[in-house]
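Look at the sequence and the 3D structure below. Keep both in view while reading the paragraphs after them.

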Amino acid sequence: MADIYTSYDDENIIEQVKTYGFRTPKAAKYRVLRLALAKSLAIDTPPDDDLDTLVGKGSEYSLEQVTGLGNSKNDGALDYDDAIRAILSVYHHEDLFDSDARYKKFLQRHIRRGLREIRTSWNRGHSFIHWLREEMIPEPPLENDGLGKTELEQGQLEAALKEIGIVAEIKETKQGIRLNKYSLYLANIHHLDILKKGLGKLSFRLGVPDDSISLEVGTEAGIANLYIPREPNLWRIVPPQRLIEWTSGKRPEKLPVWLGSTVMGDDFALDLAEAPHILVAGATGSGKTVCLHSILCSLLLNLPSSQVQLALIDPKGTEFTLYGKLPNLFGGQIGRNIVEASEILNALVEEMEARNQRFIELGVRNYEEASQKIQMPRIVAVVEELADLLMQSRDLETPLVRLAQKARSAGIHLILATQRPDSATFSGLLRSNIPVRIALRVQKHTESSIILDTKGAEALLGKGDMLVKLTDKPDPIRLHGAKLTDDNIAQAIAHYCR
Ligand SMILES: Nc1ncnc2c1ncn2[C@@H]1O[C@H](COP(=O)(O)OP(=O)(O)OP(=O)(O)O)[C@@H](O)[C@H]1O
């Protein structure tokens, strides 16, 4: 009898890892299973029992294959069963040497959770080596007081500045999450202009990507702040705990959304009810989906289902799977194709009109006033990959524009995401009604201008590095998102469903 069972989706990712990750289609499958086990064990919270349910027939494995049980070749060197049993016993605080059934159950849950994590955080277009390095050997998270001195030699910066004709004293250096901040004292005010024009040369001289150095005029006279990116292996990660801590407890925002940490490590959040709609755009792999998860998890962790309801549209069909469990999804399910997307958007327009009618009957003007008299959840509609949908049917623009123009006062808010921020996707009418824009890294400065009305997003560092443009601030704010795992999402969903 088999010990460990997998689903069809699990088998699919095992094959992908062997073929496109290991580049050895004939590699033994247990290698991927062990990798998945390690991935799951790196997560602090135990895997959910819903992993016991197998949807779609996959495959089955014996302990001999997975842990090497009883394999006595090389004096038993290949038999890791005792070691794995011990690790799982410590992890679950229970003696699994005593119960084979419990041991196998936990092992299967971990392996299946690990496979799910691989499926959502790696795809065959991304480098597997990079994935391994980032996911399996995580960097230390940023501590609140972790902003110390930078490693970059001050002399190196001073020499580079001298080369572009600037004599500056470095007053202070601080280490942010991915960038170092250097506060320079410029003796000559004209040097600020030289510095602005010389940033390209400075990047070249310091060996950092083109246009990746940014300049800010300091608050003190004569001070200019330079932000210079570090090598990716010296970046700190923003732990998901930051989002969880920020959102737990009572918050003044009606729809609290935590987006990330500022360059120097402070929390940054906004109220979606005030926003009232957001565009999230960025090239493939820039971190859009993770950013959408931050928005969704913020809401689910902070508000009960009586106060917020989600409407989800995902033509890729994979990004929102976990939210499929929510009991009160608008439209009853995630919209996964053009027909379902159109049904959801048109139903949202009808809901908006029905709400407006209700407001007239109640003698109130908008959602805010109505919510004093009756209970009605706000609705947040999230569209993943807007460009795909609009390419299939231009007609979808009509409900989208109507919602963008009028849904706010009915308590309905839009979050639109796209990989292709061009004028065809983000037409003038839509554009003028979606005030908050989040740009992750894009390929061209023209795309950055479409999103933010200014260049800059083409020089971002990727992986959750973003510029956020708010209506009341002239310049976009730079943030680094937190990389949420499936487990964080599952936790947010469980909290919302309590
Ligand atoms: N805040 C972050 N910190 C570190 N890594 C991140 C962060 N956000 C995303 N990543 C990593 O970047 C990669 C791409 O992220 P994501 O899937 O969100 O991108 P995307 O823009 O939605 O891509 P696609 O359009 O191809 O789905 C993933 O491997 C993810 O782990």
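The model shown here is predicted. Begin with an open sheet of four strands, in which the order is E3-E4-E6-E5 and the pairing is antiparallel. Strand E3 (168-175) and strand E5 (214-217) are the edge strands, and each of them pairs on one side only. On average, neighbouring strands in this sheet are turned by 25° against each other, with direction ignored.

Strands of a sheet pair through backbone hydrogen bonds, and the pairing is either parallel or antiparallel. Within this sheet, strand E4 (residues 179-186) and strand E6 (residues 223-229) run antiparallel and are joined by seven bridges. Helix H8 (residues 154-163) lies across E3 and E4, and the helix runs at about 135° to E3.

Next, turn to strand E12 (residues 412-418). Is this strand enclosed or open to the outside? Seven of its seven residues are buried, so E12 is largely enclosed by the rest of the structure. In a regular strand, side chains alternate between the two faces of the sheet. In E12, Ile412, Leu414, Leu416 and Thr418 point one way, while His413, Ile415 and Ala417 point the other way, and all are buried.

Two strands pair with E12 in the parallel sense. Strand E9 (residues 278-281) is joined to E12 by four bridges, and valine 280 has alanine 417 of E12 as its bridge partner. Strand E11 (residues 378-383) pairs with E12 over five bridges, and here valine 383 has leucine 416 as its partner in E12.

Now consider the ligand. Around the ligand are 16 residues, of which Thr284, Gly287, Lys288, Thr289 and Gly464 come nearest. By class, this shell has three nonpolar, ten polar and three charged residues. Helix H12 (residues 288-302) gives the largest share, three residues. An unreviewed UniProt entry annotates a "binding site" that covers Gly282, Ala283, Thr284, Gly285, Ser286, Gly287, Lys288 and Thr289.

Two of these residues can be followed further. Glycine 287 is in the loop between E9 and H12. Glycine 287 counts as buried because it has 24 C-beta neighbours inside 10 Å. Beyond its neighbours within four places in sequence, its contacts include Leu440 and Gly464. Lysine 288 lies in helix H12 and is also buried, with 25 other C-beta atoms within 10 Å. Apart from neighbours within four places in sequence, lysine 288 is in contact with Val280, Gly282, Ala417 and Leu440.

Notes. Residues numbered from 1 in each chain as written. Predicted model: local features only at pLDDT ≥ 70, side-chain atom pairs only at ≥ 80, totals over all residues. Pairing = 2+ DSSP bridges. Axes fitted to C-alpha atoms, helices over the stretch in contact; angles between N-to-C directions. Contact = placed C-beta atoms within 7 Å. Near = placed C-beta within 6 Å. Nonpolar A, V, L, I, M, F, W, Y, C, P; charged D, E, K, R; others polar. Buried ≥ 20, exposed ≤ 12 C-beta atoms within 10 Å, placed from the backbone. UniProt positions renumbered as here; feature names shortened; annotations may be inferred.
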